[in-house]
Amino acid sequence: MTVRLPFDDLVALLAAIFRNGGCRAAVADILAQNMAAAERDGARSHGVFRVAGYLGSLASGWVDGKVEPIVEDVAPGFIRVDGRNGFALPALAAARNQLIAKARTNGIALLAIRNSHHFSALWPDVEPFARDGLVAIEMVNSMASVVPHGGNRKLYGTNPLGFAAPRLAGDPLVFDQASSAIANGDVQIAAREGHDLPPGYGVDRDGAPTTDPKAVLNGGALLPFGGYKGSSIAMMMEIMAAALAGGNFSFEVDFSQHPGAATPHSAQTIIVIDPNMGAKGDFAARIEVLVSELHAAGQDRLPGDRRYANRREAMALGVPLSEDELAYLKKLAGPS
Ligand code: NDP
Ligand code: PYC
């Protein structure tokens with residue numbers, strides 16, 4: 001049975017869970033907002049399904065839910081943050097206003113976050129910049145689960161890329177995609193729900209192609225999207241996130257001393273651009289030209305459309321959850 005929970009109630013429930021799990025209040029609120037937004041928008045691979053992973057990482061001491069990130073203003077267009085082995089989202093929140101101010105002053109600014117754990121979808125990070133009239137590009141590396149093209153062992157993370165651009169009117173244009181053929185979270189959901197993956201997404205522990213999500217998770221690996229092209233995008237994420245920010249490469253993330261840990265101790269880079277400094281100063285209007293040509297060419301469904309539609313429905317009717325999920329969340333949150 002599906003139940004519908006008002007968005008703010010879901011945020012409150014999740015914030016209580018994260019506080020119980022060992023996060024300070026501000027961190028719990030940030031994680032709760034993010035996870036509730038993912039569930040609301042139908043990004044299930046990074047919605048409430050992820051609670052156990054966050055709590056496992058906190059309980060095992062792999063991540064610190066209480067630390068304050070250190071923000072360093074290193075150059076007119078460059079901010080560096082040491083996440084101090086905390087979550088990436090509070091690190092971004094701590095630097096966000098300064099990043100926007102720099103982008104508006106200089107036309108472009110970069111935020112490099114290291115020593116941090118990003119366990120979420122990227123669109124909630126980039127979409128708000130576009131709502132402020134800015135273009136944002138985010139690059140994240142994670143933990144080894146993807147075999148490079150032509151390779152024989154996993155090395156890259158599922159390394160997502162997020163992009164957001166403002167429109168003249170309406171919701172920003174946003175895409176947010178793993179550089180693997182599928183996000184690891186969706187493989188876990190497929191395993192739990194007992195359905196196969198499409199061919200070409202993963203290999204088993206012997207390197208043989210498989211559509212069985214359990215074989216991918218139990219010693220197997222994912223493949224990059226689009227063969228060597230996706231593999232190069234994954235490589236770029238390692239360089240632009242880990243190498244640039246000074247964090248772990250995905251293959252350097254080692255949970256072995258922390259049973260139950262699930263979050264990647266890696267790095268993130270966000271580049272924010274003020275598009276009004278571009279050639280003609282009519283960036284948002286030009287996006288409308290592009291969008292109407294895309295529609296005229298037959299692409300009705302743009303990236304982000306599914307999430308915006310889910311968001312509208314969930315804000316009107318409540319966020320859909322199964323009865324079991326809600327009972328599980330209430331148990332973890334404790335008495336209200
Ligand atoms: P999907 O393949 O589901 O979607 C990727 C993008 O393509 C989305 O912007 C989606 O829009 C868009 N899209 C999907 N179908 C179509 C279509 N038919 N036409 C046009 N656009 C379409 O996502 P992934 O599996 O690659 O990633 C899932 C999530 O996992 C992402 O949010 C990602 O950030 C997250 N992730 C996080 C990681 C981390 O380290 N933190 C690692 C890997 C993944 P829409 O949103 O509207 O469906
Ligand atoms: O779904 O691949 C994934 C993922 C990795 C880290 C966070 N999400």
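**Notebook: sheets, helix contacts and an aromatic pair**

I began with the strands and found an open sheet of seven strands in the order E2-E3-E4-E11-E5-E6-E7, with mixed pairing. Strand E2 (70-75) and strand E7 (173-177) stand at its edges with a single partner strand each, so one side of each has no neighbour in the sheet. Neighbouring strands of this sheet are turned by 10 degrees against each other on average, direction ignored.

Before going on I noted that this is a predicted model, in which local features need pLDDT of at least 70 and side-chain atom pairs count only at pLDDT 80 or more, while totals for chains, interfaces and linings use all residues. Residues are numbered from 1 along each chain as its sequence is written, chains are lettered from A and ligands numbered from 1 in the order in which they are written, and side-chain values use heavy atoms, with hydrogens and water left out.

For my own terms, helices (H or I, at least four residues) and strands (E, at least two) are DSSP runs numbered from the N terminus, and two strands pair if DSSP finds at least two bridges between them.

**Strand pairs**

I looked up E2 and strand E3 (residues 78-87), which run antiparallel and are joined by five bridges; they form a hairpin with two residues between them. Within this pair, Glu72 has Arg80 in E3 as its bridge partner.

I then took strand E5 (residues 135-140) and strand E6 (residues 161-165), which pair in the antiparallel sense over four bridges, and here Ile137 stands opposite Phe163 in E6. Helix H8 (residues 228-245) packs on the sheet, touching strand E4 (108-117), E5, E6 and strand E11 (265-273) (contact means heavy atoms within 4.5 Å), and the direction of H8 makes about 100 degrees with that of E11.

I also found an open sheet of three strands in the order E9-E8-E10, with antiparallel pairing. Strand E8 (residues 202-203) is joined to E9 by two bridges, and Val203 has Pro209 in E9 as its bridge partner.

**Helix pairs**

Which angle do the axes of helix H1 (residues 7-20) and helix H2 (residues 25-40) make? They come within 8 Å and cross at roughly 135 degrees, the axes being lines fitted to C-alpha atoms, for helices over the stretch in contact, with angles from 0 to 180 degrees between N-to-C directions. That makes H1 oblique to H2, since angles under 35 degrees count as roughly parallel, over 145 as roughly antiparallel, 65 to 115 as roughly perpendicular and the rest as oblique.

I compared this with helix H4 (residues 88-106) and H5, whose axes come within 12 Å and cross at roughly 20 degrees; H4 and H5 are therefore roughly parallel to each other. Their contact is made by Leu89, Leu92, Arg96, Leu99 and Ile100 of H4 and Asp125, Pro128 and Phe129 of H5.

**Aromatic pair**

A search of the whole structure gave me six aromatic pairs, where rings of Phe, Tyr and Trp (its six-membered ring) pair if their centres lie within 6.5 Å, and planes under 30 degrees apart count as stacked, over 60 as edge-to-face and the rest as tilted. One of them is Tyr54 with Phe119, which is edge-to-face at 5.1 Å centre to centre and 80 degrees between the planes. Tyr54 lies in helix H3 (residues 51-59) and Phe119 in the loop between E4 and helix H5 (123-131), so the pair ties together parts that are 65 residues apart in sequence.
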